[in-house]
Amino acid sequence: MTETSLRRPGRRPPSSRGEAATLRARRRRLQPRGLPWIIPALVLSGGLIYYCIGYTGYISTLDWDGISPDPTSVGANNFVRILQDPVFWQAVQHTVLFFIVTFVLQTFLGFLFAVLLHSRIKVAVVYKVIVFVPVVLAPAIMAPVFRQLFAPDGELNWVLQHVGLGALAQPWIGQTSTALPVIMVITIWQWTGLTFVLYFAAMGQVDESVLEAARIDGAGNIRTIANIIWPDVRGTTVALAILSAIGALKTFDIPWLVTIAGPNEATEFLGTYIYKMTIQLDHVGYAAALSVILLIVALVMAIGFQLAGREREVRD
Amino acid sequence: MFEARSPLARVGLQLLVTVMVIPFLFPLVVMVQGSLAGAGWGNYAAVLAVPGLGQFFLNSVIIAASVIVLVYVVTMLAAYGFAKLRVPVRELWFWLLLACLTLPEVVLLAPLFATDTALGLYDTYWSVVLPLAALQVPFAVLLTRNFIEGIPTELFEAARVDGASSMRGFLYLVIPLTRPIAAAVLIFTLIGAWNDYLMPLVFLQSTDMQTITLVPQFFQGEFSNDQTKILASAVLTALPEVIAYLCLQRLFERGLSAGALK
């Protein structure tokens, strides 16, 4: 991006120095001022968001219930309390675990679907639609469906009992050991379609002749996929990792609506914890401090991914 | 990519995909089947008979449409400015916008709540439209800027030589030429706004302002946990999204994946 912005428009090398100077002057005169054009976006997006971040930073130093007119300032006390808060650390643990599991499984499933649907499967479009439809459905609307599906007398247990695995039937949502996996399964159900579509498109750009050459050299299906296709779509994998990581930090709808972040905080995420603290428990100052930490984590992560991506490019 | 030479292998692959999609289909089957349990189609009749269901849809349409218009206008202007016009410290502004990409919306709750009540915006469409649009703009600008940078600068210069102002260049060059990327922006903004749950949950209190993502909750109160009717309402609210997707399949898939592909 920096490269494009530094380059002056127009690529023709000028023939003489004098001409170059006039050309540059003309170009400059011809390129009108752009600041007024970007101001609406800066005001709407930057203005609103940075205003909120600044405000959050201020609230995070208060002991405030969100209503009282004169909150007391407590300095960094909220942050100290957060670091000693076991629920906070639980939420962090859940987020990390959630990211790793959902990312790995989504990548595996999405990649496999993409490879398979590139393999002259009949009625491929039907499979494509089935896998992608969850992406467009609102998690909030699907939540009641999953509450029923995973209920003690729900469809999952019914299926298990009818295929002879009745011993596995259990109250999936109601016990701490399975609640988090349920949230992961729902998320994977929802987002594998996106992973699949991205890989599917990326694989369409793999050079056919390279594949053919590999085949002629005797490479089997597995080798072709592992040594040619998988490295070729690495850019997509990196993009998906960033999306998944940001998604994990933003997780709110599904744990809130399916398990109410429980039982016993088993599915507590930073998003649900902040929501609870802000709206239900009126610890607005504490929630703001949590928000600040969440923001810093998100930003550090984004920069980290950016740097890692750049390093990779240099090495190639 | 898999090369299946023998008919047996081909059947095997087909079987594998079929088995793999079953878990994806399962919740949808449960949803439809559950909505028809007990009273059958009567569940749908009962749900449709509840006054106000149309209002939820209308609110979602109003909010999504406003967000889309706002995002589209602001994004096109900014992307043109960033890509083709002279902006001092351009990259600084750009990165300031991009940093907002990672922002979880829950972070905005407390400050927005305090500000909305102070300005009297609480429980109005604005309290949801503005933050949703603000959160969508950075990504939209990123995509559109990259797209406009691909348009040859000579085109804009030629227009200027012919006496066109930058506004005319914008209206007659940028707007028509960016149609493909505008479609992508439209789709992911639509999905983001239409499916959002947190903002309407917190900022829209009165029932006649609420959006379709709050419908299941509304019906939990209305039918005191009659699961079949709740599922019927879920099917009804999901239906427009599924139909829209089936009609504009390509556009949806491209729109949602536009950011990750070159």
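**Entry 1: the interface**

I began with the area buried between chain A and chain B, which is about 9100 Å². Carbon and sulfur atoms give 76% of that area. I am working from a predicted model, and I keep that in mind for every entry.

Next I looked up the contacts. I found 101 residues of chain A in contact with 96 residues of chain B. Then I asked how many salt bridges there are between chain A and chain B. The count is 0.

**Entry 2: the salt bridges**

I turned to the count over all chains. It comes to 4 salt bridges. I went looking for them in chain B.

I started at B:Glu91. Its side chain meets that of B:Arg90 in a salt bridge, at 3.9 Å from N to O. I noted the cut-off here: a side-chain nitrogen must be within 4 Å of a carboxyl oxygen, so this pair counts. Both B:Glu91 and B:Arg90 are buried.

B:Glu91 also forms a salt bridge with B:Arg145, and here the closest N and O atoms are 3.1 Å apart. Which parts of chain B does this pair tie together? B:Glu91 lies in helix H4 and B:Arg145 in helix H6 (residues 126-149), so the pair joins parts that are 54 residues apart in sequence. B:Glu91 and B:Arg145 are both buried.

I followed B:Arg145 onward. It forms a salt bridge with B:Glu149, with the closest N and O atoms 3.0 Å apart.

B:Arg90, B:Glu91, B:Arg145 and B:Glu149 form a network of salt bridges.

**Entry 3: a nonpolar patch**

A nonpolar patch of about 350 Å² is made by A:Tyr50, B:Val89, B:Leu92 and B:Leu96. I picked out B:Val89 from this patch. It sits in the loop between helix H3 (53-84) and helix H4 (90-98) of chain B. Is B:Val89 buried or exposed? It counts as exposed because its relative accessibility is 54%, and the cut-off for exposed is over 50%.

Most residues other than glycine have a negative phi. I wrote down two residues with a positive value.

A:Val123 has a phi of about 40 degrees and is not a glycine. I found A:Val123 in the loop between helix H5 (86-117) and helix H6 (124-136) of chain A. A:Val123 is exposed, with a relative accessible area of 52%.

A:Asp282 has a phi near 60 degrees, and it too is a residue other than glycine. Where does A:Asp282 lie? I found it in the loop between helix H14 (270-280) and helix H15 (284-315) of chain A. At 35% relative accessibility, A:Asp282 counts as partly exposed.

**Entry 4: domains of chain A**

Last, I looked up how chain A is divided. Domain 1 covers 15-47 and domain 2 covers 78-315. I also noted the separation of their centres, taken over C-alpha atoms. The value is 43 Å.

Definitions and conventions. Residues are numbered from 1 along each chain as its sequence is written. Chains are lettered from A and ligands numbered from 1 in the order in which they are written. This is a predicted model: local features need pLDDT of at least 70, side-chain atom pairs count only at pLDDT 80 or more; totals for chains, interfaces and linings use all residues. Side-chain values use heavy atoms; hydrogens and water are left out. Patches are made of residues with over 30% relative accessible area and no salt bridge: like charges are joined within 9 Å, nonpolar side chains (Val, Leu, Ile, Met, Phe, Trp, Tyr) within 5 Å. Accessible areas come from the Shrake-Rupley method with a 1.4 Å probe; for residues, only the protein chains shown count as cover. Helices (H or I, at least four residues) and strands (E, at least two) are DSSP runs, numbered from the N terminus. Buried means under 20% relative accessible area, exposed over 50%, partly exposed in between (1.4 Å probe, protein chains only). Domain bounds come from an automatic or database domain assignment. Contact means heavy atoms within 4.5 Å. Buried area is the accessible area (1.4 Å probe) that two parts lose on being put together, summed over both.
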